[in-house]
Amino acid sequence: MTQKTFTAEEWMKALGGLKDTYKILVPVKEGDFHNFRPLVKGEGPDFDYQNTRLSPRSLVYPQSERLFEYSLDEDDPDPNILKEDPKDYSPQAVIGIRPCDAHAFQIVKPNFDNPEYRDPWWVRRFESTVLVGLGCNEPCSTCFCIQVGGGPFSEKGLDVLLYDLGGRFLARGLTKKGEELLGKAEGGNPAGDDVVKDAEDLAESASAKIDVSIPTDKLKGKEINELFEAPFWEDVAFACINCGTCTYLCPTCWCFDIQDEVMGKLGDRIRNWDSCMFPLFTLHGSGHNPRSRKAQRVRQRFMHKLKYYVDRYDNGVQCSGCGRCVRYCPVNIDIREVARLMNGYKIN
Ligand code: SF4
Ligand code: SF4
């Protein structure tokens, strides 16, 4: 395992050199929030950030993606044939992704890449992506990664983990992809034992700052129907305005809709993110809607993340504890409270 230290200046220089091999994506401040953007000389990056408002899931799974194009013109050499839209799958490196967001890719992977089904677009882009994580020295009050199998310096899903030691970074290679990237990164020095010890102390003190208990251990043993019929759903959903913010910011939500858009005789088949919080999501062609009520949709979101996923994949809960939905829900609906309700629910 490669362990190298870089001064902040050396690290920036190394990133500049890596641009020959990878599209380098870094956190950049835009207005009040941060987003991942291609590294441009003189524009950021800002590694002294908490996290991006939108999760980096769009770097592998774009919010809107053209899958196929076709022609309805009978004079066209290939009328009415779907043709795959050409895409750029050249290597990209996401530098400074937080460990919860890297863990999130592992949580969604069984949905996109499993023995029965492989989503070619997700898989190709995921395979061409290197995740270079940045541990969280100061987790925020809404973070609960530790409670869902991660941690502020968790290596889950990462190819490289960076420790910010104040003016210098320790970079630790974790996978073949990560070792390759570090092998191409110019400069830096092999890390001594003292640096490694400082990094381990830093990780320990960061973990101690997440002082929250969100038990999820009993979810798997619960009867689906009992949780489904539990009396608390109306109360949980009462304030929800079905804005969909929680699902659009979330790194572990994956629902989409596929639509055809036709202009004249040319058509595109497009995949767009969708959300279980919207009534149209489940509206049938017949006009029937099995989740026409708000409480049904809110229940679906939490049952999917905290029960259906748990039962189906045996991979923990469908949540990496990033805390975005807690921070940005306009009416303060809190998945941590719902997890406590579900985990502790007993029929009297
Ligand atoms: S962010 Fe809050 S109000 Fe908006 S859909 Fe989600 S739970 Fe409802
Ligand atoms: S459910 Fe909320 S806390 Fe969990 S991964 Fe999604 S946005 Fe983050």
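Q: How many disulfides does the structure hold?
A: A disulfide requires two cysteine sulfur atoms within 2.5 Å. In this predicted model, the structure holds zero disulfides. Cysteine 253, for instance, takes part in none, since its nearest cysteine sulfur, that of cysteine 250, lies 3.8 Å away.

Q: Does cysteine 253 count as buried or exposed?
A: A residue counts as buried when its relative accessible area is under 20%. Cysteine 253 has 12% relative accessibility and therefore counts as buried. Cysteine 240, at 11%, is also buried.

Q: Where is threonine 252 placed?
A: Threonine 252 belongs to the loop between helix H8 (245-249) and strand E11 (256-263). Because its relative accessibility is 1%, threonine 252 counts as buried.

Q: Which residues does threonine 252 touch, not counting residues up to four places away in sequence?
A: Threonine 252 touches Ala104, Ile107, Val108, Lys305, Gln318, Cys319 and Ser320. As for aspartate 101, it is 151 residues from threonine 252 along the chain, yet the two C-alpha atoms are separated by 8.5 Å.

Q: At what angle do the axes of helix H9 and helix H11 cross?
A: The axes of H9 (residues 294-313) and H11 (residues 335-343) come within 11 Å and cross at roughly 60°. The two helices are therefore oblique to each other, and their crossing is right-handed.

Q: Which residues of H9 and H11 meet?
A: From H9 come Phe302, Met303, Lys305, Leu306 and Lys307, which meet Ile335, Val338, Ala339 and Met342 of H11. Seven residues of this contact are nonpolar, two are charged and none is polar.

Technical notes
Residues numbered from 1 in each chain as written. Chains lettered and ligands numbered in written order. Predicted model: local features only at pLDDT ≥ 70, side-chain atom pairs only at ≥ 80, totals over all residues. Heavy atoms only, no water. Buried < 20%, exposed > 50% of the residue type's maximum accessible area, 1.4 Å probe, protein only. Axes fitted to C-alpha atoms, helices over the stretch in contact; angles between N-to-C directions. Helix = DSSP H or I, 4+ residues; strand = E, 2+ residues; numbered from the N terminus. Parallel < 35°, antiparallel > 145°, perpendicular 65-115°, else oblique. Left-handed = near helix turned anticlockwise from the far one by under 90°. Contact = heavy atoms within 4.5 Å. Nonpolar A, V, L, I, M, F, W, Y, C, P; charged D, E, K, R; others polar.
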